[in-house]
Amino acid sequence: KNYLSLLNSQYFLKELVSEPSNIIYPTSFVKRTQKHLSKKNINIKILNKNKIKNIGLNCLLAVSQGSQREPIVMEFSKKNKSKSVDVLFIGKGVCFDSGGISIKPSGGMEDMKWDMAGSAVTVSIIKYLSEIKTNFSYAGIVGLVENMPSGTAYKPGDIINSHKGINVEVLNTDAEGRLVLADIISYGCEIYKPKIVIDFATLTGAIMVALGQHYAGLFSNDDILADTLYQSGLDTNEKVWRMPLHDDFDKEINSPFVDLKNIGTGRYGGSVTAAQFLQRFVPKDTKWAHLDIAGTTWKNNGDIMNNKGSTGFGLTLIADFI
């Protein structure tokens, strides 16, 4: 039964990642996910734009404000959960990423339909866990937006007050995933008080420069958590490689005007400075792992293991980790 649940969840994950952005956008992502999840075992909460505003997820709102499609935050929790959960899964859900005002080159932009793969991994994990017996509590949260250029889009130079109260200077609107994640990490940790947070995001092109397409980047503040994920990566052939976190990198994202800027200084170490950015929003005593899956989510050329398209990376890794 567990294997069947894993296969069905994998199929669901690949389906979400493969669909183009005129088929999967925030509201359709929600509808399709609701159809696939068992309400019997999972509480589902949907936050619309007004609720998101009231909660103060201003970084997420800023990313979405150039699109006609409204943002949505989806929360999932195991029924009968305790006040604090053991594991919180978090996913970046940028259903299409044009880069916004800092627009991407046109060549290959069609691939940015899969910039919501982190949220697809998250909901597929929740689906899988809800169908098997588990002896721990868990929750999930995804932030669903489109990053588009328009007269209402956020702009380089804008300063945004995040949910955590940290002010963020936007230097590049294409470094948007970390803004979405920052708010939902901060909010998710406040609501669910998790012992462990694992986030999934197609966060940086830089991780592909560092690791190619066979390893996801793993950033963590906890050695045991990192070692366990690394071993699961080897055991499932969904490989992860631990990357550094250090104060030296952290200084590169300090803004001269406010607390934080959304890209580092210079062009080097982009996946590390992105991870350092996220770490500012993780509570100090919370174990955290960030998986940058930009290189492992999609294959443009088929190989023995995968056809061209969505690889489904992340779900089997976590099933083994659990």
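How many helices and strands does the secondary structure of the chain come to? The count is 11 helices and 13 strands. Keep in mind throughout that this is a predicted model.

**Whole chain**

Start with everything shown. The C-alpha atoms fill a box of roughly 55 × 40 × 40 Å along the principal axes. The radius of gyration is 18 Å, which agrees with the value near 20 Å that a compact globule of 322 residues would have.

Colour by burial next. Of the 322 residues, 57% are buried. The chain exposes about 13600 Å², and carbon and sulfur atoms supply 51% of that area. Now turn to contacts with a separation of 6 or more: residues 24 or more positions apart account for 78% of them.

**The eight-stranded sheet**

Select the eight strands S1, S2, S4, S3, S7, S11, S8 and S9, in that order across the sheet. The sheet is open, and its pairing is mixed. Look to the edges: strand S1 (42-47) and strand S9 (240-242) each pair on one side only. Neighbouring strands are turned by 20° against each other on average, direction ignored.

Zoom in on strand S3 (residues 87-97) and strand S7 (residues 196-201). The two pair in the parallel sense over five bridges. Pick Gly 91 here; Phe 200 in S7 stands opposite.

**Helices on this sheet**

Select residues 26-36, helix H2. Helix H2 packs on the sheet and touches S1, strand S2 (72-78), S3 and strand S4 (138-147). The direction of H2 makes about 20° with that of S2.

Move on to residues 223-236, helix H8. Which strands does H8 lie across? They are S7, strand S8 (216-220), S9 and strand S11 (287-292).

**The three-stranded sheet**

Now select S5, S6 and S10. These three strands form an open sheet in the order S5-S6-S10, with mixed pairing. At the edges sit strand S5 (159-161) and strand S10 (260-261), each pairing on one side only.

Focus on strand S6 (residues 167-169). Does S6 run parallel or antiparallel to S10? The two run parallel, joined by two bridges. Finish on one residue pair: show Glu 169, and find Lys 261 of S10 opposite.

How values were computed:
Residues are numbered from 1 along each chain as its sequence is written. This is a predicted model: local features need pLDDT of at least 70, side-chain atom pairs count only at pLDDT 80 or more; totals for chains, interfaces and linings use all residues. Side-chain values use heavy atoms; hydrogens and water are left out. Two strands pair if DSSP finds at least two bridges between them. Helices (H or I, at least four residues) and strands (E, at least two) are DSSP runs, numbered from the N terminus. Axes are lines fitted to C-alpha atoms, for helices over the stretch in contact, and angles run from 0 to 180 degrees between N-to-C directions. Contact means heavy atoms within 4.5 Å. The radius of gyration is taken over C-alpha atoms; the globule rule is 2.2 Å times the number of residues to the power 0.38. Buried means under 20% relative accessible area, exposed over 50%, partly exposed in between (1.4 Å probe, protein chains only). Accessible areas come from the Shrake-Rupley method with a 1.4 Å probe; for residues, only the protein chains shown count as cover.
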